[in-house]
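I opened the notebook with the sequence and the model side by side, and I wanted to go through them one topic at a time.

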Amino acid sequence: MELAAAAALGKFIGAGIAALGSGLAAIGVGNVAGNFLAGALRNPSAAGGQTATLFIGLAFAEALGIFAFLVALLLMFAV
Amino acid sequence: MFHPMDQFIVKPLFGDGPVMWYTPTNATLWMALAVLAVSLLFVVGTRGRAVVPTRVQSIAEVFYGLVYKMVEDVAGHDGAKYFPHIMTLFLFILFSNYLALIPMSFSPTSHIGVTAVLGFGVFFAVTAIGFAKNGIGFLKLFWMSDAPLFLRPIIALIEVISYFVRPVSHSIRLAGNITAGHAVLKVFATFAAVTAIAPLSIVAIVAIFALEVLVSVIQAYVFTILTCVYLRDALHPSH
């Protein structure tokens, strides 16, 4: 019985720890966008052609945050 | 009690029977509505084929121009052959995302089952195109000829793993973003029932709704542009 209670508690603690991953992905996304802006202000004429690269970089950084969110969801509702 | 994840439950449209593969559900309904909306815009809206476009026709032309330019820029000129499929993907995802923002509606793209079909479809198609175009030379994609020789097997292993994770991350990115956005919307909607924080919650829900409108377009755009990137890798595997 105590084991079941610990499992129920651990589910929520684990989901909370997984939520940290979303915050860390936010740092990554901010890094990509910030560096793009810094580069774009130095050479605005080249910035327009690099929007596609910006979105690809954002998508890759963000995907890992979404994975963390998925782990949290699985722990809360599937385990 | 109202639960923020209740909106993602797949229900049969008629009665309360079990959901089989042939049962018309709310997911079927909203996907059909998305297809209907796209058809209306592109078949009825551009029927006049006017040189000076009408309002509806100019919307269709903006979408066409945006996606065509993306395919040509990212996948190269020989990727333009696959433009119809990429355009279909973009419009279906965009309209599903937008229709899902109507209150009380259902978001098909929040279900991994829907996005996995799109993502794995792209993965299998791109792999088949790669082998058909380049033969066994497609495997050069994994073999970095400009890396030091002793590192190449390790890099090849990492490249193979990352190649097979692509469809998973491709589909989970879309489903995760839409699920997270809609869950946040409903959480703030629950706060609106608490009188003390209701005004704050209403301001927050307006801001988050605006963000969701933006996310809908960005996720459709990202899904399409990644399809183009994968297609470019298949057409020109040597780095």
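The entries that follow record what I looked up, topic by topic.

**Conventions.** I kept in mind that this is a predicted model, in which local features need pLDDT of at least 70, side-chain atom pairs count only at pLDDT 80 or more, and totals for chains, interfaces and linings use all residues. Residues are numbered from 1 along each chain as its sequence is written, while chains are lettered from A and ligands numbered from 1 in the order in which they are written.

**Chain A.** I looked up the elements of chain A and found three helices and zero strands, in the order α-α-α from the N terminus on; helices (H or I, at least four residues) and strands (E, at least two) are DSSP runs, numbered from the N terminus. I then looked at its overall form: the C-alpha atoms of chain A fill a box of roughly 65 × 15 × 10 Å along the principal axes. The radius of gyration of chain A is 19 Å, whereas a compact globule of 79 residues would have one near 12 Å (taken over C-alpha atoms, with a globule rule of 2.2 Å times the number of residues to the power 0.38). Buried residues make up 9% of the 79 residues in chain A. For this I used the rule that a residue is buried if 20 or more other C-beta atoms lie within 10 Å of its own, exposed if 12 or fewer, and partly exposed in between, with C-beta atoms placed from the backbone.

**Where the chains meet.** I found that the contact takes 14 residues from chain B and ten residues from chain A, two residues being in contact if their C-beta atoms, placed from the backbone, lie within 7 Å. On the side of chain B that touches chain A, the elements giving two or more residues are helix 2 (55-75), helix 5 (152-191) and helix 6 (198-235) of chain B. Helix 5 of chain B gives the most to that side, with six residues.

**Helix 5 of chain B.** I followed this helix along its 40 residues and noted that it reaches 55 Å from its first C-alpha to its last, close to the 58 Å expected at 1.5 Å a residue (the expected span is 1.5 Å times one less than the number of residues). Where does helix 5 of chain B bend? It bends by about 35° at B:Val165, and a proline, B:Pro167, follows within four residues; the bend is the angle between axes fitted to the seven residues ending at a residue and the seven starting there. B:Val165 counts as exposed because it has 12 other C-beta atoms within 10 Å.

**The nonpolar core.** I looked next at the largest nonpolar core, where B:Phe90 and B:Cys228 touch the most other members among 45 residues; such a core is a set of buried Ala, Val, Leu, Ile, Met, Phe, Trp, Tyr and Cys residues joined through C-beta atoms within 7 Å. The largest share of this core, eleven residues, comes from helix 6 of chain B. Leaving aside neighbours within four places in sequence, the contacts of B:Cys228 include B:Met70, B:Val71 and B:Ile86.

**Two loop residues.** Most residues other than glycine have a negative phi. I noted that B:Arg49, although not a glycine, has a positive phi of about 50° and lies in the loop between helix 1 and helix 2 of chain B. B:Met104, also not a glycine, has a positive phi of about 70°, and its place is in the loop between helix 3 and helix 4 of chain B.
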